[in-house]
Amino acid sequence: MHLPEFLTLADFGEIRITGHRIGLFHLVRRYNDGASADTLVYQYPTLSLSLVNRVIAFYRVHGENVDAYLKICQESLEQQLADSPRIDAASLRSRMEAVQHAHASLASDCENRITFLP
């Protein structure tokens with residue numbers, strides 16, 4: 001698929017809106033979820049309405065290729081989520097309390113070691 005000047009192939013194969021960090025995946029996904037061009041401009045205020053309309057027009061012409069790209073992106077996101085470690089709230093709270101206790105102990109130890117000169 002040949003990309004027009006308003007789309008750029010970025011790192012790791014991500015297609016972004018040229019000059020922005022906004023991905024084609026996010027824009028088209030929201031469009032497919034029912035967002036209008038005006039809504040997309042509201043959600044992404046750095047994009048102009050004409051640029052959003054050009055992206056949507058590109059999608060309409062190259063829908064099959066863009067849909068295949070979206071599928072690859074979605075699968076990649078799902079794999080990243082599956083590979084990421086899970087930390088439940090109770091475990092995180094326990095770890096935070098341990099860190100706070102360690103900081104308090106260190107602060108107390110430092111205060112006890114400070115000597116003041118007359």
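**Conventions**

This is a predicted model, in which local features need pLDDT of at least 70, side-chain atom pairs count only at pLDDT 80 or more, and totals for chains, interfaces and linings use all residues. Residues are numbered from 1 along each chain as its sequence is written, and side-chain values use heavy atoms, with hydrogens and water left out.

**Helix H3**

Select residues 49–61, which form helix H3. Helices (H or I, at least four residues) and strands (E, at least two) are DSSP runs, numbered from the N terminus. H3 has 13 residues, and its first and last C-alpha atoms are 18 Å apart, close to the 18 Å expected at 1.5 Å a residue; the expected span is 1.5 Å times one less than the number of residues.

Next, colour Leu51, Val52, Val55, Ile56, Phe58 and Tyr59, the buried residues of H3. Buried means under 20% relative accessible area, exposed over 50%, and partly exposed in between (1.4 Å probe, protein chains only). Viewed down the axis of H3, these buried residues fall within an arc of 155°, so they line one face of the helix. The arc is that of the directions from the helix axis to the C-beta atoms. An α-helix has 3.6 residues a turn, so residues three or four places apart point the same way. On the other side of H3, select Arg60 and Val61, which are exposed.

**Aromatic pairs**

How many aromatic pairs does a search of the whole structure find? The search finds two. Rings of Phe, Tyr and Trp (its six-membered ring) pair if their centres lie within 6.5 Å; planes under 30 degrees apart count as stacked, over 60 as edge-to-face and the rest as tilted.

Select Phe6 and Phe58: the ring centres are 6.4 Å apart and the planes stand at 90°, so the pair is edge-to-face. This pair links distant parts of the chain, with Phe6 in the segment before S1 and Phe58 in helix H3, 52 residues apart. Both Phe6 and Phe58 are buried.

Move on to Tyr31 and Tyr59, an edge-to-face aromatic pair with 6.2 Å from centre to centre and 85° between the planes. Here too distant parts of the chain are linked: Tyr31 belongs to helix H1 (residues 24–32) and Tyr59 to helix H3, 28 residues apart. Tyr31 is partly exposed, with a relative accessible area of 21%, whereas Tyr59, at 11%, counts as buried.

**Salt bridges**

Two salt bridges are found in a search of the whole structure. The term denotes a side-chain nitrogen of Lys or Arg within 4 Å of a carboxyl oxygen of Asp or Glu.

Select Arg54 and Glu5, whose side chains meet in a salt bridge at 3.5 Å, N to O. Arg54 lies in H3 and Glu5 in the segment before strand S1 (7–9), so the pair ties together parts that are 49 residues apart in sequence. Arg54 is partly exposed at 38% relative accessibility, while Glu5 is exposed at 60%.

Then select Glu14 and Arg16, which form a salt bridge with the closest N and O atoms 3.0 Å apart. Glu14 is partly exposed at 23%, and Arg16 is partly exposed at 28%.

**Helix H4**

Select residues 63–83, helix H4: its 21 residues should span 30 Å at 1.5 Å a residue, and the end C-alpha atoms are 30 Å apart, which agrees. Which residues of H4 are buried? They are Gly63, Val66, Tyr69, Leu70 and Cys73. These residues cover an arc of only 125° around the axis, which puts them on the same side of H4. The face turned away from that buried side carries the exposed residues Glu64, Lys71, Ile72, Ala82 and Asp83.

**Loops**

Select Phe12, in the loop between S1 and strand S2 (15–17). Phe12 has a positive phi of about 60° although it is not a glycine, and at 87% relative accessibility it counts as exposed.

Gly19 is located in the loop between S2 and H1 and is exposed at 78% relative accessibility. Draw a distance from Gly19 to Asn65: their C-alpha atoms, 46 residues apart along the chain, are separated by 22 Å.

**Surface patch**

Finally, select Leu92 in helix H5 (residues 89–113), a partly exposed residue with a relative accessible area of 44%. Together with Ile87 and Met96, Leu92 forms a nonpolar patch on the surface, with about 290 Å² of accessible area in all. Patches are made of residues with over 30% relative accessible area and no salt bridge, like charges being joined within 9 Å and nonpolar side chains (Val, Leu, Ile, Met, Phe, Trp, Tyr) within 5 Å. Accessible areas come from the Shrake-Rupley method with a 1.4 Å probe; for residues, only the protein chains shown count as cover.
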